[in-house]
Amino acid sequence: MPNLTRLGLPGDEQSWAALGFTVTDGRFRVGQVECVLGEAAWGFDETHADPATLGVPYLESAASESGAAHPNGVTIVDHVVYWVPELDSAVTDLTAVLGVPPRRRFFPRGPEGPEMAFYRVGEPFIEAVTSGLPPALVGVAFMTADLDAAVAAVRAAGGPIGDPKPAVQGGRIAGVWRGHVQWGVAFMEPKPRN
């Protein structure tokens, strides 16, 4: 299975520190993913075809140290949102590059919502969403065991975050004001296990 190991994020150190991340030299680690500030981009530990076909800048591997704990309690990148103009060709290209098919493809918000395909890439997954727009990474969701504590930490750091609410996939989610880094950023807590 390929692993997402690098994620380029828009914004600067101050913006991400205000979201409760410990940022050093424009970088921070979340689980297996090295986050690099600058432009929206990604990189994988292995590819099986030219990643340029995905229409997203590719980050080459860079040496990194293990990450520090973050005041917001985030432990992993849950998912990245990848907008695509049309899902059939995107699934063909993603499957070629990653060497694995999507785990699931469906309309999670019902027939009126966009069709999506989901690829597991290590800890996180890629949420490929039909948008009718050029390919782009447009957002990220981070997982934390305690969403209330994460929201409190973000607010204490000066970050703009909404109140927790139920998430479509279960559990709860709190979104960051989109204008903060001009990108979708959310914090999630898993649904309780029975």
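**Entry 1: the cluster.** I began with the aromatic rings and found Trp16, Phe21, Phe28, Phe142 and Phe187 linked into a cluster by ring pairs. A reminder to myself: this is a predicted model. Searching the whole structure, I got eleven aromatic pairs.

**Entry 2: Phe21 with Phe142.** I looked up this pair next. The ring centres of Phe21 and Phe142 are 4.8 Å apart with 55° between the planes, and the pair is tilted. What does the pair tie together? Phe21 belongs to the loop between helix H1 (13–17) and strand S2 (27–30), while Phe142 belongs to strand S9 (residues 136–144), so the contact joins parts 121 residues apart in sequence.

**Entry 3: buried or exposed?** I checked the accessibility of both partners. Phe21 has 4% relative accessibility and counts as buried, because the cut-off for buried is under 20%. Phe142 is at 0% and is buried too.

**Entry 4: Phe21 with Phe187.** I stayed with Phe21 and turned to another of its partners. How are the rings of Phe21 and Phe187 arranged? Their centres lie 6.1 Å apart and their planes meet at 25°, so I noted the pair as stacked; the limit for stacking is under 30 degrees. Phe187 sits in strand S12 (residues 184–189) and Phe21 in the loop between H1 and S2, so this pair ties together parts that are 166 residues apart in sequence. Phe187, at 0% relative accessibility, counts as buried.

**Entry 5: a charge over a ring.** Last, I looked for a charged group over an aromatic ring. I found the charged end of Arg104 over the ring of Phe106, at 3.8 Å from the ring centre.

Notes:
Residues are numbered from 1 along each chain as its sequence is written. This is a predicted model: local features need pLDDT of at least 70, side-chain atom pairs count only at pLDDT 80 or more; totals for chains, interfaces and linings use all residues. Side-chain values use heavy atoms; hydrogens and water are left out. Rings of Phe, Tyr and Trp (its six-membered ring) pair if their centres lie within 6.5 Å; planes under 30 degrees apart count as stacked, over 60 as edge-to-face and the rest as tilted. Helices (H or I, at least four residues) and strands (E, at least two) are DSSP runs, numbered from the N terminus. Buried means under 20% relative accessible area, exposed over 50%, partly exposed in between (1.4 Å probe, protein chains only). A charge sits over a ring if NZ of Lys or CZ of Arg is within 6 Å of the ring centre and within 35 degrees of the ring normal.
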